[in-house]
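Dear colleague,

Please find below the sequence and structure that I am handing over to you. My notes on what was found follow directly after it.

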Amino acid sequence: MLSTVLSSGCSDAAGLAGNLFAFVLFVSPIPTFRRIIRNQSTEQFSELPCIYALLNCLICLWYGMPFVTPGVILVATVNSIGAAFQLIYAIIFIIYADKSKKLRMSALLMAVFAFFGMVVFVSLRFLETHLRQMVVGYLSVFSLISMFASPLFIINLVIKTQSVEYMPFYLSLSTFLTSLSFSTYGVLKFDPFLYVSMFLQVPNGIGTILGIVQLATYYYYSCKYGEGSREPLLASYA
């Protein structure tokens, strides 16, 4: 009985920590979008990572809803905040992009919401509870892995330029802490009859590893070459 209470308390603490670190992760692109607003141009920034992040937040939000996966409401809360931030970033991008990027971003944004609407409709209308959780869970795994894989581009860029100016430290740190917290949350929520543990551990475990690689890369190149003097670009959105 005591071990159950302690496990529940630890899992809730890990989930709350994940929410906090995820919030830091969501606000870390603000300097880049302030630059876009100040320069009134999206420059060479790509819209795709923002779109991927928005889709990921929406799918994970749906996965965390009680009628899809009971007991992991913290997953829904953090991703609802993330979806709001990503939508704001997307709107800012559309406002300051040139005509071709504006049209492409608008089309992609509509495609994201159309796909998410289809996922919601199909999962509620045609899938029973267990199958619904499994299907949405697999979708969330794939979307999370693709989002966490984007830092590989940053690492490649850092190695080529021998500069960490394209790898903001707090973005790397919050990625690591968020992934570690939700990976722990998944472990402590383990239930052999549910897919909750697997769907939280796999992508966030990969995110934790990538976060460690990012931080190690940042430490090595910042010590060897310095941090650079120019304003950091948000490589996850570039």
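Which residues of H5 are buried? They are Lys-101, Met-105, Leu-109, Val-112, Phe-116, Val-119, Val-120 and Ser-123, where buried means under 20% relative accessible area, exposed over 50%, and partly exposed in between (1.4 Å probe, protein chains only).

Please note that this is a predicted model, in which local features need pLDDT of at least 70, side-chain atom pairs count only at pLDDT 80 or more, and totals for chains, interfaces and linings use all residues. Residues are numbered from 1 along each chain as its sequence is written, and side-chain values use heavy atoms, with hydrogens and water left out.

Helix H5 has 27 residues and reaches 39 Å from its first C-alpha to its last, close to the 39 Å expected at 1.5 Å a residue. Helices (H or I, at least four residues) and strands (E, at least two) are DSSP runs, numbered from the N terminus; the expected span of a helix is 1.5 Å times one less than its number of residues.

Met-118 belongs to H5, which covers residues 99-125. Met-118 is partly exposed, at a relative accessible area of 46%. Together with Phe-115, Phe-121, Val-122 and Phe-126, Met-118 forms a nonpolar patch on the surface with about 490 Å² of accessible area. Accessible areas come from the Shrake-Rupley method with a 1.4 Å probe, and for residues only the protein chains shown count as cover.

The UniProt record (unreviewed entry) places a "transmembrane region" at several spans, including residues 45-65 and 108-127; such annotations may be inferred rather than shown by experiment, and the positions follow the numbering used here, with feature names shortened. In the model, residues 108-127 are 90% helix and 0% strand, with end C-alpha atoms 27 Å apart. Residues 45-65 are 76% helix and 0% strand, and their end C-alpha atoms lie 33 Å apart.

Lastly, Gln-40 lies in the loop between H2 and H3. Its phi is near 55 degrees, a positive value in a residue other than glycine. Gln-40 is exposed, with a relative accessible area of 60%.

Yours sincerely

Notes:
Patch = residues over 30% accessible without salt bridge, like charges linked within 9 Å, V, L, I, M, F, W, Y side chains within 5 Å. Salt bridge = Lys/Arg side-chain N within 4 Å of Asp/Glu carboxyl O.
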